[in-house]
Amino acid sequence: MNSSLLIDISQLRVGMYVQLDLGWMRHPFPVSSFRIVSADQIATLRELGLKEVRYFPKKSDPELFAPDAVPGDAPDTLAAELGADAVTVVSADEDSIADQNRAHLQLQNRVLAACNQRFGEATRQYQAVERAVAEQPGLARTQCEAVVSDCLRELLANGDSVIRLLSEGVGESSALHPVNVMVISLLLGKALGMKSPELHELGIAALLHDLGKLNVPTAGFMPAERQRYESHVGQSVTFAQLMGLSDSVLTAIAQHHEMADGSGFPLHLVGEDMGRPGQILALVNHYDRMCNPAAGVDALTPHEALSVMFAQLKSRFDPVVLGAFIRMMGVYPPGSVVQLVNDRYAIVVSVNSSRPLRPKVIVHDSRVPKDEAPVLDLEAMPELGIRRSLKPAQLPRDSLDYLSPRQRICYFFERAVDPGPDEAQA
């Protein structure tokens with residue numbers, strides 16, 4: 001590793017390799033680490049108002065500075081002697097950094113592609129469960145347990161996980177909701193300290209909670225239609241019984257529309273009457289339906305849904321479960337459209353529960369093609385925070401086209417810590 005030291009801005013000389021400890025929006029240079037090649041660059045650096053700059057002796061020109069030389073020994077007149085060689089050096093450095101940026105983007109794309117693939121496979125497997133459950137409930141159970149086991153194995157192997165927004169159009173449309181609810185329920189169950197056997201049963205209940213809708217129409221406004229819609233809960237429990245699933249799975253499925261304040265259905269249970277899996281499933285199911293309503297209208301952004309749940313619907317959910325959910329999803333969940341403090345527009349693509357206010361975002365930058373847009377980690381850029389959340393309709397047209405907010409919000413998970421360069425190349 002190259003050692004560095006902080007030097008006074010007055011000691012800057014051509015040939016020094018420096019790093020600006022500033023966000024990329026706060027300086028005019030194309031990169032934050034570079035070799036100084038002109039007096040103009042030094043003048044620009046001094047205009048930034050910095051008192052100190054991070055300096056890397058071993059990466060600086062050896063002709064100018066011996067490893068033990070004191071910064072300031074080299075006169076400005078040496079700038080003219082550097083000529084084209086210095087320009088070649090800085091160009092190579094910038095090329096190297098550009099290569100690193102491309103490699104990081106490629107890694108991000110590989111992670112997203114892997115998440116999309118796993119989510120898509122899960123939706124296809126869920127549809128196989130739907131096809132088999134009436135005639136071959138044993139096969140349906142095997143297929144269901146395979147989906148949950150694969151997902152849970154991936155989740156537990158990841159250690160800390162980041163919630164990742166998926167691409168548009170991933171998976172089979174009729175299965176997006178049950179798979180989404182399974183993924184988020186497993187993440188929330190893990191955040192609440194549930195162990196592997198409990199998580200496995202929670203995942204099965206989450207995946208199968210709406211299976212009864214195979215025989216029930218979408219809810220209408222007439223009392224009879226509403227009653228038929230609410231009967232899907234009992235139908236889902238019946239299918240789970242046919243599959244020979246445990247009482248804890250049956251109970252969680254039966255409670256997925258119950259609310260802690262007694263306003264749910266079919267039994268109008270209150271919080272203390274519900275088990276933890278049922279509380280989790282009821283909350284996650286409600287959240288996903290707010291973001292992804294069955295009719296496709298009046299959808300809320302993830303940030304709006306979370307805000308409504310916390311500000312207006314708090315009494316409907318167990319406070320411990322709701323608190324853990326908000327910490328896990330972050331104040332700006334993946335899929336939220338935001339404006340940063342520098343006025344740029346962005347979409348949140350992933351969030352780590354340990355850094356809920358500092359998600360990763362894709363920023364609209366008209367200088368960069370949208371398929372090469374960088375993913376900025378706001379944890380590493382403390383000066384570049386989020387000013388406000390927006391509805392997609394509030395975006396300017398060019399930002400809307402560039403960021404392409406999702407019509408449907410689907411999530412999976414990835415590891416919380418990006419692999420290093422060596423691991424990324426493996």
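Because the model is predicted, local features are reported at pLDDT of at least 70 and side-chain atom pairs at pLDDT 80 or more, while totals for chains, interfaces and linings use all residues. Residues are numbered from 1 along each chain as its sequence is written, and side-chain values use heavy atoms, with hydrogens and water left out.

Two packed helices are described by the angle between their axes and the distance between the axes. Helices are DSSP runs (H or I, at least four residues) numbered from the N terminus. The axes of helix H4 (residues 176–191) and helix H5 (residues 196–208) cross at roughly 155° and come within 8 Å; axes are lines fitted to C-alpha atoms over the stretch in contact, and angles run from 0 to 180 degrees between N-to-C directions. H4 and H5 are therefore roughly antiparallel (angles over 145 degrees). The crossing of H4 past H5 is right-handed, meaning that the near helix is turned clockwise from the far one by less than a right angle. On the H4 side, Pro178, Val179, Val181, Met182, Ser185, Leu186, Gly189 and Lys190 meet Leu199, Leu202, Gly203, Ala206 and Leu207 of H5, contact being heavy atoms within 4.5 Å. By class, nine nonpolar, three polar and one charged residues make up the contact of H4 with H5; Ala, Val, Leu, Ile, Met, Phe, Trp, Tyr, Cys and Pro count as nonpolar, Asp, Glu, Lys and Arg as charged, and the others, Gly among them, as polar.

Four aromatic pairs are found in a search of the whole structure (rings of Phe, Tyr and Trp, the last by its six-membered ring, with centres within 6.5 Å). One of them, Tyr287 with Phe325, is edge-to-face, at 5.1 Å centre to centre and 70° between the planes; planes over 60 degrees apart count as edge-to-face and under 30 as stacked. Tyr287 lies in helix H9 (residues 276–291) and Phe325 in helix H11 (residues 319–329), so the pair ties together parts 38 residues apart in sequence. Tyr287 counts as buried at 0% relative accessibility, and Phe325 counts as buried at 0% (under 20% relative accessible area, with a 1.4 Å probe and protein chains only). The rings of Phe412 and Phe413 are stacked, because their centres are 4.6 Å apart and their planes at 10°. Both Phe412 and Phe413 are buried.

Phe239 is located in helix H7 (residues 232–242) and is buried, with a relative accessible area of 8%. Leaving aside neighbours within four places in sequence, Phe239 contacts Val133, Leu211, Gly212, Leu214 and Asn215.

Definitions and conventions. Helices (H or I, at least four residues) and strands (E, at least two) are DSSP runs, numbered from the N terminus. Angles under 35 degrees count as roughly parallel, over 145 as roughly antiparallel, 65 to 115 as roughly perpendicular and the rest as oblique. Buried means under 20% relative accessible area, exposed over 50%, partly exposed in between (1.4 Å probe, protein chains only).
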